[in-house]
Structures are given as structure tokens and as C-alpha cells.
Amino acid sequence: MRENRAFGAPATAADGTSPGAPGRSGAGRVLVAVYGTFALAAGARAAVQLSTKFSEAPVAYLLSAFSAVVYIVALVGLVRGGRGGRRMALIAISVELVGVLVVGTFSLADRAEFPDETVWSGYGQGYGFVPLVLPVLGLLLLRRTGQKSPPKSPPKSPPASP
């Protein structure tokens with residue numbers, strides 16, 4: 001039977017997610033595009049660095065590869081939506097934020113350990129500080145879309161026995 005919805009009322013997908021889920025709103029789509037771009041950029045950069053000059057700065061190049069994996073996991077979580085996707089995105093974006101802050105600080109404090117830059121070096125300075133701003137925006141989006149989620153329906157009580 002078809003539900004009667006008011007004009008403009010949001011539909012709910014079969015998996016229970018709504019159009020307001022991360023990655024489906026206008027801001028979410030932009031964030032997904034940026035995460036996809038950074039996953040591709042960081043992954044390609046790390047692949048070239050690891051295959052051609054690994055011995056020059058192994059820590060920096062492995063961190064670039066790690067950041068690419070984090071961006072991919074965040075991207076998948078945002079696109080997937082639902083409770084599992086939101087959790088996956090939340091964990092990945094939190095790891096990303098900690099990574100940017102830790103690597104950014106260490107790359108400025110101990111330049112000898114980072115002879116070449118990573119995506120997160122200098123808090124993402126080589127990428128216009130987008131790597132520093134991106135996880136903050138991602139966490140804000142997850143928070144905003146989490147507040148819009150419909151409340152869980154109460155559990156059904158078992159039938160009364162005669």
C-alpha cells in the first residue's frame with residue numbers, strides 16, 4: 001500500500017535513511033566530492049612517492065598513504081549513510097582530525113623527521129589548509145544530519161497472553 005505524503009515531505013529509503021543523511025544533502029554532496037578528490041590526490045601522491053623514492057622519507061610517504069585510506073573510509077561512510085555509515089564516517093573523520101593535528105604539529109616541530117611533505121604536514125598548508133578544515137566540516141555535517149534524523153520508534157511490546 002502506498003503511503004500518503006504531503007507535498008515535499010521527505011521520503012525514506014528502504015534502509016531507513018532519509019535524504020538528510022550525510023552525503024545526500026547539498027552540503028553533503030560537496031563534502032563527498034571533496035573527500036573523493038582528496039582520496040584520489042592523496043592515494044596517487046602516495047603511490048608515486050612510495051614506488052619511486054620511499055627511502056627518502058618513508059614516514060611522510062606512509063602517512064600520505066594512510067591519509068588516503070582515511071579519506072576513502074570517510075567517503076564510503078558518508079555515501080553509505082544509515083547508522084553504520086554514519087558511525088564509519090564519524091570514526092574516520094575523527095581519526096583524520098587527530099591525524100592532521102598530530103602530524104601538523106610534529107611536522108613543524110621536527111622537520112628532520114619530515115623531509116618531504118604529507119597531505120597533513122603543516123596542518124595541510126600545501127593544500128590550502130583544506131585538510132584542517134575538512135574534518136571540522138565533516139563532523140559538523142554529521143552532527144547536523146544526526147539531529148534531523150527521525151526519533152527511533154519505541155520497541156513493540158509482546159502480545160498479552162490470555
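I shall begin with the basis of the model and its confidence, and then turn to the fold, the core, the surface and one loop.

This is a predicted model, in which local features need pLDDT of at least 70 and side-chain atom pairs count only at pLDDT 80 or more, while totals for chains, interfaces and linings use all residues. Residues are numbered from 1 along each chain as its sequence is written, and side-chain values use heavy atoms, with hydrogens and water left out.

Confidence comes first. The score is pLDDT, the predictor's confidence in each residue, from 0 to 100. Its mean over the chain is 83, and 75% of the residues reach 70 or more. By element, H3 has the highest confidence, at a mean of 95, and H4 the lowest, at 90. Two stretches call for caution. Residues 4-12 stay under 50 in pLDDT, and the model has seven contacts beyond four places in sequence for them. Residues 15-20 also stay under 50, with 13 such contacts. A contact here means heavy atoms within 4.5 Å.

Now the fold. The chain has four helices and zero strands, and its pattern along the sequence reads α-α-α-α. These elements are DSSP runs numbered from the N terminus, with helices (H or I) of at least four residues and strands (E) of at least two. Among contacts between residues at least 6 apart in sequence, 63% join residues at least 24 apart. Of the 162 residues in the chain, 31% are buried; the classes are buried for under 20% relative accessible area, exposed for over 50%, and partly exposed in between, with a 1.4 Å probe and protein chains only.

What lies at the centre of the contacts in the largest nonpolar core, that is, which residues touch the most other members? The core has 25 residues, and those with the most such contacts are Leu31, Tyr35, Tyr71, Leu78, Ile93, Val119 and Trp120. Two or more residues come from each of H1, helix H2 (58-80), helix H3 (82-109) and helix H4 (130-148). H2 gives the largest share, seven residues. By nonpolar core I mean a set of buried Ala, Val, Leu, Ile, Met, Phe, Trp, Tyr and Cys residues joined through side-chain atoms within 4.5 Å. In soluble globular proteins, nonpolar side chains tend to be buried together.

Leaving aside neighbours within four places in sequence, Tyr71 contacts Tyr35, Phe38, Ala39, Ala42, Glu96, Val119, Trp120, Pro131 and Leu134.

Gln49 belongs to helix H1 (residues 26-53) and counts as buried because its relative accessibility is 6%. Beyond four places in sequence, Gln49 touches Phe54, Tyr61, Ser64, Asp116 and Glu117.

Asp116 also takes part in the one salt bridge of the structure. Its partner is Lys53, at 3.7 Å from N to O. Asp116 lies in the loop between H3 and H4 and Lys53 in helix H1, so the pair ties together parts 63 residues apart in sequence. The criterion is a side-chain nitrogen of Lys or Arg within 4 Å of a carboxyl oxygen of Asp or Glu. Both partners are partly exposed, Asp116 at 23% relative accessible area and Lys53 at 28%.

Staying with the loop between H3 and H4, I would point to Tyr123 and Phe129. Each is a residue other than glycine with a positive phi, near 60° for Tyr123 and near 65° for Phe129. Tyr123 is partly exposed at 23% relative accessibility, as is Phe129 at 37%. Gln125, in this loop too, is exposed, with a relative accessible area of 51%. Its C-alpha atom is 8.9 Å from that of Gly104, 21 residues apart along the chain.

Finally, the surface. The chain exposes about 10,000 Å², of which carbon and sulfur atoms supply 65%; these areas come from the Shrake-Rupley method with a 1.4 Å probe, and for residues only the protein chains shown count as cover. Val133, Val136, Leu137 and Leu140 make a nonpolar surface patch of about 330 Å². Patch residues have over 30% relative accessible area and no salt bridge, with like charges joined within 9 Å and nonpolar side chains (Val, Leu, Ile, Met, Phe, Trp, Tyr) within 5 Å. Val133, in helix H4, counts as partly exposed at 43% relative accessibility.

Thank you for your attention.
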